[in-house]
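Student: Could you walk me through this one? I'd like to start with the ligand.

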Amino acid sequence: MRLILLGPPGAGKGTQATRLVEKYGIVQLSTGDMLRAAVKAGTDVGLKAKAVMESGGLVSDDIVIGVVADRIDEADCAKGFILDGFPRTVPQAEALTAMLKSKGLKLDAVIELVVDAEALVARMENRVKETIAAGGTPRPDDNPESFRKRLGEYQEKTAPLSGYYASTGELKTVDGMKSIDEVTAAMGAILGA
Ligand code: AMP
């Protein structure tokens, strides 16, 4: 099963992806996680991505598409994958469609988590508090200024993906303001249908 989860930062894509991974035995491919790992490891990709990520901007399309194309070829993706945080722009979506086609693959569904932007800021602040309370270090881009920039980037560049995937007939929407379990159930209904 090959899926895309769409939704602004903090919409709960990561949480739902973790559940889908367990249920379907597929792999979660988060470009944010892959890029953070590259930054931590100090690879070429990481060095290029670090500053723009910390400021809440978008890493260039060719870097991100290259990272995903290579990852999809790995053996653990044979049963399928969930793309989390990619594609982020219509050009990335078009590149993904072409890349999958060249590998003889296609998506099974694109699911959008529809949420209220102001509620997301509160969710982000909670996530920071919980991380600190648990003795962890919050993400450097989880601060009000970077978070609003990430939301703005989403609204400007990623929200148009709904239109792109509606036009391909692949888009399904779920109310992301519901509880985590309700969102999971709604996704299950879509994927089981
Ligand atoms: P995320 O964990 O998905 O919120 O991603 C964290 C950061 O990684 C973003 O703010 C971007 O700087 C970068 N990033 C992740 N995915 C992409 C993508 N598909 N295109 C461009 N930049 C990305």
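Tutor: A backbone N or O atom of G85 lies 3.0 Å from a nitrogen atom of the ligand, which is a polar contact, meaning a pair of N or O atoms within 3.5 Å. Please keep in mind that this is a predicted model, where local features need pLDDT of at least 70, side-chain atom pairs count only at pLDDT 80 or more, and totals for chains, interfaces and linings use all residues. Residues are numbered from 1 along each chain as its sequence is written, and side-chain values use heavy atoms, leaving out hydrogens and water.

Student: And what does R36 do, how far is its side chain from an oxygen atom of the ligand?

Tutor: An N or O atom in the R36 side chain is 3.1 Å from a ligand oxygen atom, while a polar side-chain atom of R139 lies 3.3 Å from an oxygen atom of the ligand.

Student: How much of the ligand does the protein bury?

Tutor: The protein buries 95% of the 480 Å² that the ligand exposes when taken alone, with accessible areas coming from the Shrake-Rupley method with a 1.4 Å probe.

Student: OK, new topic: what is the overall size of the chain, as a radius of gyration?

Tutor: The protein chain has a radius of gyration of 16 Å, which agrees with the value near 16 Å for a compact globule of 193 residues; the radius is taken over C-alpha atoms, and the globule rule is 2.2 Å times the number of residues to the power 0.38.

Student: And its span along the principal axes?

Tutor: The C-alpha trace of the protein chain spans about 40 × 40 × 30 Å along those axes.

How values were computed:
A polar contact is a pair of N or O atoms within 3.5 Å; within protein, one must be able to donate a hydrogen and the other to accept it, and residues adjacent in sequence count only if both atoms are side-chain atoms.
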